[in-house]
Amino acid sequence: VEHPGMITNEDILDNPEHLLRDPTEVYLDYNLKENLLEETHYFIVNQKVWDFLHAHYSGVEVMRYGEKKEGNEECCIEANLIKINIHYFPSQEGEDTQMYQIFESRHKTIAEFKERLARLQGLQKTSVRLWKSPIPSDFDTFYRNNLCEFRKHRHIRLNATYLKKLSETINDVQLSLDDFIIVECKCRGDFIFEEIEKQEGNEVLHDHIEDEELKEALTDAKSLRFLNLDITSLFDSRSNEGKCGLSNLGNTCFMNSALQCMSNTTELTKYFLFGLHKNEINYDNPLGTKGRLATAYAKLMKELWVKGDGRVAPWDVKKAIGTVAYQFQGFAQQDSFELFNYVTDTLHEDLNRVIEKPYTEFKDSDGRPDSEVSADHWKAFTDRNQSVIVDLMYGQLKSRLICDVCKNISNTFDPYLALSLPIPKNKFSRISITYFPEAVSTQNPVQKLKLNVGIKDSVEDLKAKIKALVKTENPILLYTLRRKDLIGERIDDDVLATKLEDERLTAYEYTPIDREEKSKTSCVQVHFVSESRSMFGSSNYTDVCAPKIFLHHVDKTCTDLKLAIFKYLFPLITLPEQYQEAYEKKEDKEKVIRDIYEAFYNKSQHGISKIFTIEYESQKTHYYSSRKFKEFKDSEETFGEFVENLVSIDNVYLRICFPRATKVDLDPLEDSKYSGHSIGESAAISIDDCIE
């Protein structure tokens with residue numbers, strides 16, 4: 001068995017461009033990429049297992065420390081470190097506008113982190129201070145403005161948070177990916193930053209409401225009269241009005257999407273913005289967080305709607321939900337719908353108006369009307385559960401059970417907060433195809449087609465749709481494109497079209513061929529490239545479009561193939577006036593085209609230069625840049641004999657080179673732009689589709 005090589009872990013490790021490496025704590029230089037799952041992308045092993053693997057294979061050790069929390073026998077291992085953006089100001093080595101990245105444990109204290117950052121620059125820990133600030137949109141301007149202010153005043157008023165509590169952990173200071181740490185270094189023995197005292201935003205007060213009836217609504221949330229309150233009365237000119245982003249705290253986009261959905265449920269948002277939650281927090285409910293989540297959520301709603309910040313980091317909400325749902329304590333990707341259920345259910349328990357929950361029983365339906373059974377079940381539920389979440393968001397789901405033996409029917413009505421609906425699979429797959437017509441012209445160019453194919457459609461059905469779209473009865477050849485735009489295998493008619501959804505496809509229309517002649521017909525792959533010159537005089541070639549397939553009889557000559565290519569491109573060529581007149585006057589167009597071809601390629605009459613050159617590949621290789629081409633000359637040798645003499649290659653690749661000042665209109669050949677032709681537009685999936 002071949003040795004697999006050393007363990008590099010390079011496919012799972014993050015490698016930032018400006019990583020500040022630590023020669024002392026080397027294990028902190030390695031961190032996992034985002035969205036990796038344990039036991040799917042990587043495994044955690046103990047030191048003994050790693051020593052065994054290292055002895056046999058060698059490799060890079062990615063070490064992590066574990067810790068046991070009080071009352072918990074399981075060891076918690078921080079597999080993913082936090083990536084922190086840092087910037088030293090002023091730099092110890094002249095002007096440095098670079099922002100660096102560093103990996104660190106979330107459990108490290110600010111004192112330990114500060115000491116490490118000082119050590120990496122050869123400084124004493126007493127010579128630096130740490131500041132937390134949002135990353136500016138233009139960091140270079142941010143740096144220049146600070147530098148200019150320092151030169152004027154010798155101090156800088158910094159809109160940032162000074163991390164003065166050295167006993168706090170990095171997790172406590174709530175760093176998000178939108179933040180960075182400014183490492184303030186002493187300049188001439190003094191620190192240069194001054195913290196700006198932040199003013200508290202406008203508070204949500206009952207004084208906003210002038211109507212006495214609406215004021216009473218603020219004391220009775222159960223009546224839902226607060227829904228009549230005008231939420232805009234809380235806003236000023238700086239307010240976000242809900243149009244505010246949430247910072248990613250790691251891999252927490254799943255949480256942000258759920259919170260944004262809840263925030264835009266305006267009925268629930270009104271409840272928190274007008275402060276109705278303050279009188280309904282249940283501090284005695286063991287199923288809740290003693291009001292922590294409700295308070296944190298209300299604060300978040302105020303930041304999203306009333307204040308004017310461009311983005312908000314939902315740290316308090318994340319911490320609160322992590323106390324009741326262990327899986328949300330970390331920073332790994334989780335299910336958004338699961339988090340929504342936990343947040344809404346925990347908010348309900350925090351705001352449950354029932355202090356002591358009574359014991360309840362459900363009665364059997366016993367043939368009673370649904371309205372009566374439903375009312376009984378709802379009363380039993382609300383005897384134990386009453387909150388604004390229940391008032392606004394709960395419903396009942398009817399279940400019917402029929403006994404196979406006695407045929408007795410039992411109906412139950414279960415409360416639900418949310419229904420999980422499957423998203424139906426789209427009935428069609430969207431396929432893109434580059435189509436080459438049999439005869440190209442400005443009116444009939446190469447096209448990029450987009451077609452919808454059904455689940456059971458075959459390639460034969462796909463070809464029928466292409467014919468219907470381009471209005472032709474001629475047969476179609478369908479090929480895949482490999483890397484470097486080489487034509488791959490021809491696709492059989494019985495293949496399912498949906499399997500080609502992710503493939504690059506080319507379709508070629510051709511004139512029908514007799515069955516007897518098919519065995520003697522060769523598929524010649526032709527590349528159209530435009531030539532340009534670099535500043536050093538070397539030639540550069542750029543593909544004009546996907547390769548074209550030409551069908552050529554093996555008993556015909558190489559000159560016949562060159563003439564066939566010339567005829568294909570003839571409608572795109574700008575001819576000298578005398579040739580254009582001759583072509584229009586004579587009835588035998590084929591003869592005129594051949595005469596023009598002879599004039600351009602053999603006789604060089606009147607100093608006419610070649611419109612394009614035709615070359616063939618003389619070396620078998622899979623890499624386009626390393627191919628070696630030779631001129632494909634006129635010859636009475638049959639094409640079959642020509643191919644037999646090229647024993648070094650399996651297939652013939654021809655290259656049509658258009659010079660920089662080409663006389664050929666290349667626009668009809670270019671397939672980079674979508675032509676706009678399609679069959680069957682994709683329909684959006686509706687809620688009704690999901691329910692069905």
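The side chains of Lys-398 and Asp-370 are joined by a polar contact of 2.6 Å, a term for N or O atoms within 3.5 Å, where within protein one must be able to donate a hydrogen and the other to accept it, and sequence-adjacent residues count only if both atoms are side-chain atoms. The model is predicted, with local features requiring pLDDT of at least 70 and side-chain atom pairs pLDDT 80 or more, while totals for chains, interfaces and linings use all residues. Residues are numbered from 1 along each chain as its sequence is written, and side-chain values use heavy atoms, without hydrogens and water.

- Lys-398 lies in strand E12 (residues 395-402); strands (E, at least two residues) and helices (H or I, at least four) are DSSP runs numbered from the N terminus.
- Lys-398 counts as partly exposed because its relative accessibility is 42%, between the limits of under 20% for buried and over 50% for exposed (1.4 Å probe, protein chains only).
- Beyond neighbours within four places in sequence, Lys-398 is in contact (heavy atoms within 4.5 Å) with Asp-370, Asn-411, Thr-412 and Phe-413.

**Packing of H5 and H9**
- Helix H5 (residues 253-263) packs with helix H9 (residues 336-350) at an angle of about 50 degrees, and their axes are 9 Å apart; axes are lines fitted to C-alpha atoms over the stretch in contact, with angles from 0 to 180 degrees between N-to-C directions.
- The contact involves Phe-254, Met-255, Ser-257, Ala-258 and Met-262 of H5, and Ser-336, Leu-339, Phe-340, Val-343, Thr-344 and Leu-347 of H9.
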